[in-house]
Amino acid sequence: MVNVRPPRAQPSPPSPSGSRFSVLLTEDRERPVEHWTRQLPQLLEPLGMHAQVASTGAQAYRLAQSQRFHVAVIDLDTPPGEPVPGAPFDTPSNPAPAGTSTTSTSGVSGVSGGGGGGGLWLLEVLSRLPEHPPIVVVNPHVYSQRQVARLLQQALRLGAFSVVNRPVHPEGLLRTIAALVDRRYHGQWPTPE
């Protein structure tokens, strides 16, 4: 069991704008109910956290524009989705075939299907938000050790707090989130604005 303590005085029930500790999760594709991206929100709810799942980088960016997240868990294999007008730089909308190099207009390069599309792009745009959330990244599916190392190096350079290896186990991810809360928020949920 993860030892994370919510603040003593709980805020009133959550509003749609998110007055509780909120977590943004992305996934590499739509997943069944038993997948960790579907289980984690149910595990976080009793701890006083609210989690939302986005299946594309564009969807996650839109969510981050409309509400504040205290933590983001970004799968580096998240697909880009539709281009986002007004985004700080273009959303890569036509990724190259798996295993080939791609570059967004931000200069972040990677491997399509290995984080070069939506995952790294999302990490960079979230890191540019005025009050950006600390970010945990889920490593990409292995294509080659060299490609994965390059992607993880880029993710850490962009400010990722931690890297979670596949396969993702909800208990391990909860421990990572607990460590993040302890380090970033001094062991207490952030107070609502």
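Glu131 and Arg68 form a salt bridge, their closest N and O atoms being 3.2 Å apart. Glu131 lies in the loop between H3 and E6 and Arg68 in the loop between helix H2 (57-66) and E3, so the pair ties together parts that are 63 residues apart in sequence. A salt bridge here is a side-chain nitrogen of Lys or Arg within 4 Å of a carboxyl oxygen of Asp or Glu. Glu131 is exposed at 53% relative accessibility, while Arg68 is partly exposed at 27%. Buried means under 20% relative accessible area, exposed over 50%, and partly exposed in between (1.4 Å probe, protein chains only).

## Basis of the model

This is a predicted model, in which local features need pLDDT of at least 70 and side-chain atom pairs count only at pLDDT 80 or more, while totals for chains, interfaces and linings use all residues. Residues are numbered from 1 along each chain as its sequence is written, and side-chain values use heavy atoms, with hydrogens and water left out. Helices (H or I, at least four residues) and strands (E, at least two) are DSSP runs, numbered from the N terminus.

## Other salt bridges

The whole structure holds six salt bridges. In one of them, Glu45 pairs with Arg20, with the closest N and O atoms 2.7 Å apart. Glu45 is in the loop between H1 and E2 and Arg20 in the segment before E1, 25 residues apart. Arg20 is buried at 14% relative accessibility; Glu45 is partly exposed at 37%.

Asp75 forms a salt bridge with Arg166, the closest N and O atoms being 2.5 Å apart. Asp75 belongs to strand E3 and Arg166 to the loop between E7 and H5, so this pair ties together parts 91 residues apart in sequence. Asp75 is buried at 2% relative accessibility, and Arg166 is partly exposed at 22%. Shared partners join Asp75, Asp77 and Arg166 into one salt-bridge network.

## The sheet

Five strands make an open sheet in the order E2-E1-E3-E6-E7, with parallel pairing. E2 and E7 are at the edges with a single partner strand each, so one side of each has no neighbour in the sheet. Strands pair if DSSP finds at least two bridges between them; E1 and E3 are joined by three.

## Helix H5

Helix H5 (residues 170-185) has 16 residues. Its buried residues are Pro170, Leu173, Leu174, Thr176, Ile177, Ala178, Leu180, Val181 and Tyr185. Their cover includes strands E1 (21-26) and E3 (71-75). Thr176, at 16% relative accessible area, touches Val136, Phe161, Ser162 and Val164, not counting residues up to four places away in sequence. Contact means heavy atoms within 4.5 Å.

Note on methods:
Expected span 1.5 Å × (residues − 1).
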